[in-house]
Amino acid sequence: MKHPYLAKLLFLLMFVSFGTVTGAWAQTTGSVSGRITDEKNEGVPGATVIIDGTTSGGSSNMDGTYSIQNVPAGPQTLVISYVGYNTVRRPVTVVAGANTEVSAGLTENATALSEAVVIGYGTQRKQDITGAVAQVDSKQFVQGQVTNPDQLIQGKIAGVSITTGGGAPGAPSTIRIRGNTSLNANNDPLYVIDGVPVDKGGINGASNPLSLINPADIETFTVLKDASATAIYGNRASGGVILITTKKGLQGEKLRVELNSQTGFSTAARRYESLSAGEFRQLMEANAAPSQLATLGTADTNWQNEIFRTGATYDNTVSLIGSIAKKVPFRVSYGNLYQEGIVITNKLKRNSGSISLSPTLFDEHLRIDVNAKGSVIDNRFVDYGQIATAAFFDPTQSVRSTEAQYARYGGYFQYLGAPDANGIRTPLGNAPGNPVAAINNTNDISTVKRLIGNVQLDYKVHGVEGLRANLNLGLDIARGRGSKDIAPGDFGNYNKDFPNDPGLNGAYNDYAQDKDMKLLEGYLAYGKQLGAAKVDVQGGYAYQNFKDQGPNFLTYRSDRTTLLNPSAVLTVPGFYNEYVLVSYFGRATLNVSDKYLMTATVRNDRTSRFRSGYNSGWFPALGLAWRIKGEDFLKNNNTISELKLRAGYGRTGQQDIGLAYDTQPRYAYGTSESQYLFGNAATGFITGPLGYNAVLSWENTNTLNAGLDLGFLDNRLTATIDVYERKATDLLQEVNVPAGSNLVNRLNANAGSLRNRGIELGLNYGVLRSADLNWDVNLNGAYNVNEITDLGQQDANFPGFLNGDIGGGTGNQIQIRSVGFPVDAFYVFQQVYGPDGRPVQGTYVDRNNNGSTTDDFYRYKQPAPLVTLGFSSNLTYKKLVFAFTLRSNLGNYVYNGNASDRANYALAQSSTLFLNNVAPDVRNTGFTRQQLFSDYFVQNASFLRCQNISLGYNVGKVMGASNLRITANVQNAFLITKYDGVEPEISSGIDRNFYPVARTYTLGIALGI
Amino acid sequence: MKNNLSRGLITLALGTALAGLATSCNKDLDTTPKYDPTPDKVYVSLAAYKSVMGKLYGGFALTSLGGADGGSDVLGIDGGTGNYLRQLWSAQELTTDEAVIAWNDPGVQDWHNLNWDANNPLLRGLYNRAYYEISICNEFIRESSDDKLASRLPAADVAEAKRYRAEARFLRAVSYMHVIDLFGGGPFVTEASVVGVDAPPYNTRQQLFSYVENELKALTTELAPSKANEYGRVDQTAAHGMLARLYVNAGVYTGTPQYANAATEAAAVISSSYSLVTASSPVSSAYGRNFLADNNLNPAANEIIWPVLFDATRTTTYGGTTFLVNGATNGASPGWQRYVGQTTGWGGMRATRALFDKFFLLGADTTVDRRGRFWKVGQTLEISDQTQFTQGLGVTKYRNINSDGSTIVGSRNFSSVDFPMLRLSDVMLIYAEAAARGAASRVDGLKYVNQIRRRAFGLDINTASSAADISDAQMTTDFILDERARELHWEAQRRTDLIRHGKFTEATYLWPWKGGVIGGRGVDAYRTLFPLPTSDITANPNLVQNTGYN
């Protein structure tokens, strides 16, 4: 079935525009003007002034003055509002043909309780919320070089852990709200951007779906943490929900132009540890064989210096905000980002644009929100493996050489074997390639486009007080295109059959992916006051269709016409996945005297991933709150300004595992490299059956949450405390199916359960309040304990499912999923230490006292932090602003894969024809061979990181009607940790081939005109 | 009024959208794949049936539908590592005097140390490979029922499709034979089983033996006559050969020896259309031509009764003979690489001196037996550390070059050598062993042994030779075991042979590093069987773990 809603949408838009131009006022009018000031009697720019009951109005200028023309004569009421201030109403009698002056002073809205908080399918007053919901707006965002939206709230919300995936531009962050809830299914939160639940996955060429949004366009992040808040999004809400709203124009606002420009430079904050040429030579002379020493060069090369650089970043956004004919508020923005990675050649360019229109028609009965955000990203990637290669490449070798044998390899030094029949020295088998050459020889580029758009119509039905109909039509379209072109002289793509023909060496391949999401949602909402009780009910329907498709490509040589594998043929033209979610949802809220609050929601979801009979999931939730502050005995208490107890229960669902058709019987065609040539035929393509689980169904997560909201001294100090338990049952996980029962040995099935328990605390405190000096601090902390409580059917000898690939051989895995332990606990041997405190090679604790230590693996620590802490401080003195954000994780452990692989002499001397650099830790251990499974390499990676320091100065008016602000920022200013590897904050817990996080210095100006 | 009209239309639009859509959307939940066909769309022609049969045969060679880099059919293990032939070979050779391995991949040292447990990932991979093969054969046989063939294919094609079905039964029987040999009993599933997640019943070693015996017997008539099938596909001779192998081990599998039956089946093979390679080539002895890149052509194709096919560009894997060639070659020795036709080497497997000594110490074979080809440059004979590749002699039996010396086109260092799963000389030695055990004609047995030995010495196989021939008195079971080591070393037979001759776990025959100690040691007798993997013991409560592994 097709939803022909685009046609309907156009139809509606025609009426909307028709309606917009019809109204005309014929009455006699006058004007109103004045100045809006704050408590310090300074002008408030951008405040909205509206004539009550009309659409007529304007906004204040830089100095706080405003003027409204064509105001109907007679008694009117001015409504003056500004974010963060209490709204003021002023009566005025407008005289026809004359100006009436009305000025007003605004007071800061310290309580912010009436502030609207975005929730699923609507908004609620903050004081009415019964669930665990946290909102961060643009004033509280992390400042400075923020190129991905998720970085805006890093360290700002208790229980929301955002782990950067490294320092590469556009690298995906791992976001976990209250820990991992699922094993093999998707643990990411659901992002709802301006009402559009977007695809969770990345696209080929851009792994982070959020990197396609310009952070400068974002107004608020709202995080729905517990199920009583998220269950209305049932089907994909198990990992929590993040609602993002973008900036919008205001009704009646005068045209404003805002310009933001930032220039920064980045360097690698931490590097891999390796020995210098001198140290390496000395160590090898003492340990290596003469034939190996003969391979040493004479250079002194720091290979990491050769691949790292200082990367420049330019980030500019210009936005126009205003109101067309004072009736159609709009915001248009254009952003341009150019970001160089700290590894040579690595870069990202993003051009982004956004448009929002939010007209209100028919006496504010119909509100229309039109949002469109588009971006084009151009990437050039680097292979992270080359960063590690740089750390172990022999430092006595030079980067380049003029010797004739290297000419074929672009003049780069490489390890070469004996001359072949053509007299060419071929790449030496098993030797590492020169990392500088490998990076420069590889042009791995992509262009990704994305458009997220929606039209939301919210209609207060005429004639039925309290009834509202809402229709939301959305699209999320992404196109990824890329190619990887490896130069003919590359070491790793040598063609022994045609070494002298550049076109027949190297490699080239294309890739492409198209993703399309279509959304249709509609709901009816009805609210009514019944005595002391306010009742709101709503019910709706949602349809979402996801398509993910693209062509397959073959790999060519550099001439792009000769196949890398001469007999390759494209047997399957492409890939295609389509899945559909159909949902019904409802919510009822009850508010008795602003004291007793209840929210009940239910959602029914059906997914095309599962078969009929297994595809329907029910997700109910109930939230209760007692707003004690509303009781008589506290009403007039001046110390306690807010006190609310909350409790909630809810269930959310998970179906996001595998591909779209995994529950259906189907076959797949083999590629040209997996033929079987009966009768010595030239071709023999094969077809094979695939495994499937027809009884796969929903994973359910049940959450219990209790919370306390506290406010003191007019809410100068507020605190929120939440405790929760989340239990996921019928876990979607890959399990061993009985051998012979299916067409594969492991299948995604519903088995087992997993529990997270935790406590969260958030504190906001206005430490200082005075005319010149203000100091605000935010402290948040969370403690989360994760445990697998069941893995399905168990045999006593079954240790669990191994996970977490490490190097140093084939098939080594360092983590395990076992009942009674946290997800992906490290599964290692317990190292024995000698009297000198050094680990004794190959000697482990015989934990089961059976005389052998080969079976003494034990489960040790976990990669996820037990405690996450965030601290933000914002100090303003007159026109100066000084802010910083600190983050800390405690109890997180990381397997130092770099050291376990390289801190031994065996790797250095793995060949008689070349040497590898070693990690300096070898001096502490003396290991002569790899000790991959020693717990020595599982290290405490607790850390304290200064996420950001910023210093700003409000210059104020410059050259007439403009406002100038200058800021200086340091991102990732310092890191305190005992961890030795390149980065302690790694979501997988395995430090291997990691792209180091950058330290970035930024200068920014913001200009308002 | 305009406004009323607009309002009316908007309300109408909203109402339509909300109410009208809900009804028709549930149909959308029936999404179907675009590129991965359902069974009805696959089995539409004889060629389509053949392409699925290619997957069944390919199950022994390939790791996935996507070539060497395309992942793994068997999950939980690296694709190349989990290759059927690679782990079957490892289980049969690395556990014995014929091979050690340098690597430290999880579990790989357990083979030679004879100290594996039920969580060994390689054993799990091998077990799952065997049952994967059984499952996909069951699926094919299910889709090839007489009814389905009649309804899907033209009448003229049905007979050939039934032959495909018989070949699928053969491949399934072979995988069950591997289960019998390696694991004893195991889960039992046939085409009558349903594809799902329910635990299959457990069958004992004896039950599986009887099943395989009956299947193979039936197939000695249902398959194509000897040499009447395409290269790479099995015929009646293959069924006889596998029956001979089953019967010669019957004493181990069931407690009741059936050497006479083994001899009968072997005789059927020896009298078939297959023959030994007798002509040498510029780069290889007659014997060695069985293990070159063009062994898919005659004369090697006349000796190999069932080859597992490989091709350097079209049948690619990091297991199979690519593993046997690259894994046994030094990555730092261009000369060695050139000799075996590659430009790489993974530095893994070598022989213990026990294998070397089979050629150079016993009897009169000192240097003329052309079957023993060892790489000695840079290698030591003795092994003081199994993980050092330079300790232990290299084995250059499998070489990725053609018999005229030309190399294989294809820059990716895959092998085109086909692996002999069943070879005529193996069956000749089975006959001789039956004779040595008094269950067949000693005259014929001696003739076969001496034919094999004359070829090994580069002589005419039908002309008596005092250098090569043994006497009737010399034809003991011990001699046959050693002769099998010389003729069939590195062909994935050794563990089974040692067990049958009572020399695998026993302290009466030791080799370097047997059981993980330098001089070798005997281990517990229960290690003649591998444990069922804990993963399947967990998943299937019907299973019975082998003695010693609980």
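1. A:Gln386 is buried, with a relative accessible area of 15% (buried means under 20%, exposed over 50% and partly exposed in between, with a 1.4 Å probe and protein chains only). This residue belongs to helix H6 of chain A, residues 385–392 (helices are DSSP runs of H or I with at least four residues, strands are runs of E with at least two, and both are numbered from the N terminus). Beyond its neighbours within four places in sequence, A:Gln386 is in contact with A:Ile307, A:Pro435, A:Ala438 and A:Ile439 (contact means heavy atoms within 4.5 Å).

2. On the basis of the note: this is a predicted model, in which local features need pLDDT of at least 70 and side-chain atom pairs count only at pLDDT 80 or more, while totals for chains, interfaces and linings use all residues. Residues are numbered from 1 along each chain as its sequence is written, chains are lettered from A and ligands numbered from 1 in the order in which they are written, and side-chain values use heavy atoms, with hydrogens and water left out.

3. In chain B, helix H10 (residues 236–248) packs against helix H12 (residues 259–270) at an angle of about 155°, with the axes 8 Å apart (axes are lines fitted to C-alpha atoms, for helices over the stretch in contact, and angles run from 0 to 180 degrees between N-to-C directions). H10(B) and H12(B) are therefore roughly antiparallel (under 35 degrees counts as roughly parallel, over 145 as roughly antiparallel, 65 to 115 as roughly perpendicular and the rest as oblique). The contact of H10(B) with H12(B) comprises 9 nonpolar, 4 polar and 1 charged residues (Ala, Val, Leu, Ile, Met, Phe, Trp, Tyr, Cys and Pro count as nonpolar, Asp, Glu, Lys and Arg as charged, and the others, Gly among them, as polar).

4. Also in chain B, helix H4 (residues 84–94) and helix H6 (residues 121–142) pack at about 125°, with their axes 9 Å apart. That angle makes H4(B) oblique to H6(B). On the side of H4(B), the contact is made by B:Tyr84, B:Gln87, B:Leu88 and B:Ala91, and on the side of H6(B) by B:Leu122, B:Leu126, B:Arg129, B:Ala130 and B:Glu133. By class, these are 6 nonpolar, 1 polar and 2 charged residues.

5. Over all chains, 69 aromatic pairs are counted (rings of Phe, Tyr and Trp, the last by its six-membered ring, pair if their centres lie within 6.5 Å; planes under 30 degrees apart count as stacked, over 60 as edge-to-face and the rest as tilted). A:Tyr827 and A:Phe857 form a stacked pair, 4.9 Å centre to centre with 15° between the planes. The two residues are 30 apart in the chain, A:Tyr827 in strand S44 and A:Phe857 in the loop between strands S46 and S47. A:Tyr827 is buried at 13% relative accessibility, whereas A:Phe857 is partly exposed at 27%.

6. Most residues other than glycine have a negative phi, and most peptide bonds are trans. A:Arg178 has a positive phi, near 60°, and at 1% relative accessibility counts as buried. Phi of A:Ser593 is also positive, near 55°, but this residue is partly exposed at 38%. In chain B, the peptide bond from B:Asn298 to B:Pro299 is cis, with omega near 5°.
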